[in-house]
Structures are given as C-alpha cells and as structure tokens.
Amino acid sequence: MELSVDRLTKQYGRKLAVDCVSTVLKPGVYGLLGENGAGKTTLMRMICAILESTSGEVFLDGREVTSLGADYRDLLGYLPQDFGYYPNYTAQEFLLYMAALKGIPRSMARKRTKELLEVVGLNDAAAKKLKTFSGGMKQRVGIAQALLNQPKILILDEPTAGLDPKERVRFRNLISDYAAGRIVILSTHIVSDIEAIADEVLLMKKGKLVLQGTVSGLTKQAEGKVWELAVSPAEAKIWQEKAAVANLRHEGEQVVLRILSDSKPAEEAVSCEAALEDLYLYSMHG
Amino acid sequence: MKNRELKTYLQSSLQQGAEIRHEKKEEITAQCKKIMREQEKSSGEERTSFWQFLSDVFRFEGLLIFGLQAGVLFLVCIQIGMIQGAAYYVPAFTPLFALAVMPALLRSQFYKMGEMEAVTRASGTEMTLAKLILAGAANLVCMTVVLCMVLYVRQSSDGIGRMILYGLVPYLVCMSALLRLIRLCKKEKIFVCAAAMMGSCVAWGVSAKALPQIYEASATGLWILLFVIFSGFFCREIGYILERNREGKLYGIIG
C-alpha cells in the first residue's frame, strides 16, 4: 500500500495554506510537525478527500483517491482536530452510530465498540452520556471511533490534545501496536509523542514540507547546532532576544540556556546532544 | 477470476501431477498478485447494504424525524379544526413539514460532526439520502392525515385533487430551496431559509384571505404548472444527491 501526495496545494484567497506538498507514504507511523497555521490540518483534510485541493492530487496505489469514493473512505480512520459530538448519546451509542456510518454490521459493531471502549479505558463510562465527559474522555471516544473500521490509513489530528500523561502513554502504545502494515499520520505539537512512536517525521512550515526523515536521521541534522550556556539572569534576557533559545533552567544563581545555533554562540558555550525538539525549533526559527 | 474458481483451478492442477509449466506458473502468480492487491485495497470486511444502513439511520435518527413531524401534525390538525375554510389554508401548513425536516438534515453541522461523518463509508451523501427517505415517508403520512382532516372538517371530498396540489406545491418549493442551499454549502443561509419557510406560511395564509380567486377551480391550471415546475427543481436536487451517492462523492456542508 502506498499513499502518494503529488504537488498538493490549497489556496484560500491570497494565502497558500498548503504549498505544493509532495511525499510518498508507506505503512508506518508518520508524525506531522509544524507550528499553528503551518497547514497540517489542511493537508490532512485533503488526504482524507474532504477538502478539495486547489491543485495536485492524492493517489492510493496509483489511483486518485476521490475516484475511489466510498472504497477509499472505507480504508480511512479520521480524528479531526476540533470535533463535536451528540451530547445525548452515551459513549457506546456514539460508537454504534459511527459504526453504522462506516457500514459495520450491528453484531460486529457491538463487539468492536466493547473492545475499543476497553482499549481507550472507557468501559466503565460506556453508558454515560457524552455531555458529562471531560475533554480527555471525549478525545478518547474520538480515537475509538477512528479505529472502529480497523482502517488501513489512520489520520489523527492532534490526538493527544487534552490527554493526561498516563493516557498519552496508553495512546502511544495503542498506535504502536496498531500501526503494523498500516499508514498512520498524526499531527501534534508534542514532540515527545512523535519521538516515541513515529517512524518518520514530516516537518511543515508556512504550508511547505520542509523536512522529512526518520527521527534519528533528522536529529543528526541538528547535531553540532545545540549548545548550552550558563549566564546571569540579566544576560539570559539578552540571549533570548538575539538567539534561538530552546530551553532555559535555573541552576543556583545562574540560568542555563539551551541555544540553537550553526556556530558556537559564545566561548563558554558547550556543545550538547541534539533532540528532535531542537531540530523542530531550529527549523521554525530559521 | 473469483477466489473459489482459483482454488478449484489450483486443486485440479495439483491433482494432474507435479509437472510445472512455467508459462502457467507466471500466469497464476500474476492472478494471485492481482487478488492480493484487490484485497489490500478493500477492507476485506463485510459492510452493510443501503437498506441495512437505512434501518440503522432509522434507529438513530427516527425519533427526531418522526417526532418532529408528529409534533407539527398535531399543531396543524388543531389549527385546521379551528379555521373556517380550512382547504384554502392547506398551503400555509405544509411548509412547516419541510421546516421540521431541517433539524435532522442539519444535525451534524449543528453539533460539528460533519467532518467526522464525511470520512465514513456512508459520508454525508448517503446519510442525507437516508434521512430524506425517512423524512419523505413521514411527510407523506402527515400530509395525508392533514388532507383527511380537511375533508373531515368540510364533510365533503370536492376539490380533493386541488387540495393535494395546495399541499404539495409549497412543500416542494421549501424542500427544493433547502436542498439547493445544502448543495451549494451555504451554511450561513440556512437560518434565512428557515425564516423564509416560516414567512411563506404567513404569505400563503394571507393569500387565502386576500386572493381567494387563486384557490378557485379556474386556477387549477396555475397550480398544476407550479407543481410541474417545482417538482422539476426538487427532482433535480434529488437526482444530484443520487448521482453523488453513485459516484461515492461527498455532498453538502462539511466541517
């Protein structure tokens, strides 16, 4: 199975939300990184074929996805970034409703709904109405609905938003188990989530795909560009204005800055190990 | 070649002996690859038919659709019982049945479920079609009850054909306008459409008092003409939904 994105572009008036993005996705987990407004959601919606592109196409095994119609949607699982719910449905009713839309026969839908509610840790809340759910619980119901049809292409827009650390770990494990032989695309701002589960990272900036590669491959690119520098609190403010500071921590009287720079920013600066987050911040800053 | 045929073919080949014909082997390998590719593309799982889907939609949306129609029917029947010359007011009542379809048709937009529902096998198109079938059935029952009520109040079946036209023409006008707005994805105009439907009830009611001549037998031709025109618009909208459904494409307001 191969999902090809070919020069996909979306323009709203004068603004290019997605600018000529091309990539080939094979089974694996793909983490989509980028700041707000980078075009991640627009790209995902076009891959799901619910948003018409201005130009460019998406192909599944060489066939244009809109021409596949319901057969393509049958392979899709999608969790939108900002989704609603029917407040008077219970979690179980909601999943059964989504299963009906996905064309899953009733007996199978009941079985799968039960399984998925357990997987997302909501089996005790199955009979509770969605209007009583917290944000994290709703997010977990959203994740469960995306998995109902056992999709071969799973697209999750900010799936970990609103999840507590324990639930995030549960979600990571779930996706890692699920991803075998499937294409999973997930967007998030939480770089550690991507580091933990993504086989490949796609980095978007201002609608363009600026970087694509494995976590280790991309991290290597940031090597030699991450520095630590201990300065006084007053100097720290100056450094924050003139350099890309990824992090700062207080150590006694001093502040230790994590600076992203092509060259050594100061004589006292010490080179340190790069992480994906450094590359992300470096790309966004540059 | 179907899986069963291929299996039979392979079995008979095995029974024939161990001799391997290379050209045949390549042919079978190619066929196996083709089947594997097809299976890879489809989910490989059983999926419900449209009629099973319709019964599922009835299970989840039936109460809303039929409940609203029943509520409107109750109010309309009370009004008919209270009004003198009820036959002339039939056009003022039927847009209300079209109005009562709106919450079911636009529920997913109201609850921000449109995007999630669009990325399903049924998508918005099949869902709209199923809801329209259920709403159409409910409308048919309700309008029949309204006509029976009018006949009962009048104690006469004279002009029954005209009364059917009085009921259908405003209904078709409203439904065509609503479906057109959904087709053109004009989310912000939906409330205007709802207000216009309510307004049309008042307008038809006023016309019964101000222009009684359009309800006379001599004006039947005008009603038939209006019926033909608006049936055409309505059928065009339904035809568009059917075409989108056949092509597996999305329909209406999404996200």
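Which residue does His250(A) stand opposite in strand 13 of chain A? The views below, taken from a predicted model, begin with that pair.

**View 1. Strand 12 and strand 13 of chain A pair in the antiparallel sense.** His250(A) stands opposite Val255(A), a residue of strand 13 of chain A. The pairing of strand 12 with strand 13 (residues 254-260) runs over 7 bridges.

**View 2. An open sheet of 4 strands in chain A.** The strand order is 12-13-11-14, and the pairing is antiparallel. Strand 12 (244-251) and strand 14 (270-271) of chain A each have a single partner strand and stand at the edges, so one side of each is left without a neighbour in the sheet. Helix 10 (residues 233-242) of chain A packs on this sheet, where it touches strand 11 (226-231), strand 12 and strand 13. The direction of helix 10 makes about 15° with that of strand 13 of chain A.

**View 3. A hairpin formed by strand 1 and strand 2 of chain A.** Strand 1 (residues 3-12) and strand 2 (residues 15-25) of chain A are joined in the antiparallel sense by 7 bridges. Within this pairing, Leu8(A) stands opposite Val21(A) of strand 2. The two strands have 2 residues between them, and Gly13(A) in the turn has a positive phi of about 60°.

**View 4. The contact between chain A and chain B.** Chain A contributes 25 residues and chain B 29 residues. On the side of chain A that touches chain B, helix 3 (70-74), strand 6 (76-79) and helix 4 (91-101) each supply at least two residues. Helix 3 of chain A gives the most to this side, with 4 residues. The residues on this side of chain A comprise 15 nonpolar, 5 polar and 5 charged.

Methods: Residues are numbered from 1 along each chain as its sequence is written. Chains are lettered from A and ligands numbered from 1 in the order in which they are written. This is a predicted model: local features need pLDDT of at least 70, side-chain atom pairs count only at pLDDT 80 or more; totals for chains, interfaces and linings use all residues. Two strands pair if DSSP finds at least two bridges between them. Two residues are in contact if their C-beta atoms, placed from the backbone, lie within 7 Å. Axes are lines fitted to C-alpha atoms, for helices over the stretch in contact, and angles run from 0 to 180 degrees between N-to-C directions. Ala, Val, Leu, Ile, Met, Phe, Trp, Tyr, Cys and Pro count as nonpolar, Asp, Glu, Lys and Arg as charged, and the others, Gly among them, as polar.
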